[in-house]
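Me: I am opening this one for the very first time. Could you walk me through it?

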Amino acid sequence: MELVADDGLAVATRGLTKSFQGIRGRRVAIHGLDLDVPAGGVHGFLGPNGSGKTTTIRMLLGLLRADGGTMHIFGQPVPQRLPQVIARVGAIVESPKFYPSFTGRRSLSLLADAIGTDQRRVGEVLEEVGLGDRGNDRFSGYSLGMKQRLAIAATLLKSPDLLIFDEPTNGLDPAGIREIRETMRNLGTQGRTVLVSSHILSEIEHIADTVSIIGRGRVVAQGSVAGLINQAGAGSVDVGINNPEAAVAVLRQAGMTAELAADGLRVSGVDQPADVTRTLAAQGLYVSRLVPVRQDLESVFLQLTQDDQLGTTSPASGGGDVPPPPDSRHTPDQDGEVGR
Ligand SMILES: Nc1ncnc2c1ncn2[C@@H]1O[C@H](COP(=O)(O)OP(=O)(O)OP(=O)(O)O)[C@@H](O)[C@H]1O
């Protein structure tokens, strides 16, 4: 049985591939995915709709069979050693179901019995997700955010080291989103690893320690949130000027990357903003405004996934560029479903 050394990763995939049978033939959904999720903290698994987040998560959990590549959870190859590692994993992959007329506490208590967990955990996990004072209310009276937090509480019963949440804020209002965000942040600060997928970046930017951005089944960037933002935002400035067309031409002639923007122009790849003003002034063009561009994860994400749609981004982690495997190696999607 293959084992990897303790590399500090909660989850690692290498060259992971998966295709589905569609009406017009097979479509590659996961395209050589190399994912690294460090142990401890919150990891945002980000990508546009249809980029392959759910498919990846379902493969990790043994709910769907991969076509190729390897997956490890805490150094154990999965699905081969999933039975050994699954006790350390809690996951929510679709909307959780509870009896509407049961209280949150009763539902958790039944679950605790079913999985052989001490009943003392019920009160603890209710507290952990902020439902300590609502545990004796019926599930039917909970807000959507509370229902989702009860689902998180259920995954916490067995004290997992890795929590996997697939789009946990889908369908929630802003208050519900905030509650779930805070819950995830708290879990991530307790030494646990929280792997959370989302296509909404603003949800993740402030709670994630590290992120992976995927596009079309490949990792296009991964690392710390701050690192990705710095990398993408380095040296961009917005320039206000009377004659932006002429300024763009002058700057391009000087070897800079400049383009027209809504209220002036944007120059990227600038080490010294003073170079911009100097270059323009030398041609009689005077800058009225020079503002460094503040990047956020959303703009990094859009840039990277847009580039990927156009096929211009090379995968950051090196192994993503795997051609679609030949059709003959695959069985139809329905055959790939495991235990569903
Ligand atoms: N059971 C299936 N049969 C056929 N195609 C599928 C199946 N599941 C996923 N796909 C396809 O695989 C691709 C990746 O889908 P997936 O649901 O993993 O993306 P996602 O990133 O989770 O998107 P979303 O944010 O919309 O949930 C899509 O093109 C999707 O249509």
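Reply: Two strands count as paired if DSSP finds at least two bridges between them. The helices (H or I, at least four residues) and strands (E, at least two) are DSSP runs, numbered from the N terminus. The model is predicted: local features need pLDDT of at least 70, side-chain atom pairs count only at pLDDT 80 or more, and totals for chains, interfaces and linings use all residues. Residue numbers start from 1 along each chain as its sequence is written.

Me: How does S3 run relative to S8, parallel or antiparallel?

Reply: Strand S3 (residues 41-46) and S8 run parallel and are joined by six bridges. Within that pairing, Phe 45 has Ser 197 of S8 as its bridge partner.

Me: Which sense does S7 take with S8?

Reply: Strand S7 (residues 162-166) also pairs with S8 in the parallel sense, over five bridges. Opposite Leu 162 stands Thr 193 in S8. Between the two strands comes helix H6 (residues 174-188), and S7, H6 and S8 form a right-handed β-α-β unit. Right-handed here means that, with the strands pointing away from the viewer, the path from the first strand over the helix to the second runs clockwise.

Me: How many residues of S8 are buried?

Reply: Six of the six residues in S8 (residues 193-198) are buried. A residue is buried if 20 or more other C-beta atoms lie within 10 Å of its own, exposed if 12 or fewer, and partly exposed in between, with C-beta atoms placed from the backbone. In a regular strand the side chains alternate between the two faces of the sheet. In S8 both faces are covered, with Thr 193, Leu 195 and Ser 197 on one side and Val 194, Val 196 and Ser 198 on the other.

Me: Where is Thr 189, and is it buried or partly exposed?

Reply: Thr 189 sits in the loop between H6 and S8. Thr 189 is partly exposed because 14 other C-beta atoms lie within 10 Å. From Thr 189 to Ser 236 the distance is 33 Å, C-alpha to C-alpha, while the two are 47 residues apart in sequence.

Me: Changing topic: what is the strand order of the open sheet with antiparallel pairing?

Reply: That sheet has four strands in the order S2-S1-S4-S5. Its edge strands, strand S2 (25-38) and strand S5 (76-78), each pair on one side only. Inside the sheet, strand S1 (residues 9-22) and S4 share five bridges in the antiparallel sense, and Ala 12 stands opposite His 72 in S4.

Me: Which residues come nearest to the ligand?

Reply: Phe 20, Ala 29, Asn 49, Thr 54 and Thr 55 come nearest, out of 13 residues around the ligand. A residue is near a molecule or strand if its C-beta atom, placed from the backbone, lies within 6 Å of it. S1 and helix H1 (53-60) each supply at least two residues of that shell, and H1 gives the most, with three residues.

Me: Why is H1 described as largely enclosed?

Reply: H1 is largely enclosed by the rest of the structure because seven of its eight residues are buried. Among them are Lys 53, Arg 58 and Leu 60. Just after H1, Gly 62 takes a positive phi of about 75°.

Me: What kind of peptide bond joins Val 78 and Pro 79?

Reply: A cis peptide bond joins them, with omega about 10°. Pro 79 is in the loop between S5 and helix H2 (82-85).

Me: Lastly, what is the mean pLDDT of the chain?

Reply: The mean is 84, and 86% of the residues reach 70 or more. The pLDDT is the predictor's confidence in each residue, from 0 to 100. The pLDDT stays under 50 over residues 1-5 and over residues 310-340. For the model, ipTM is 0.96 and pTM is 0.77.

Notes: Two residues are in contact if their C-beta atoms, placed from the backbone, lie within 7 Å.
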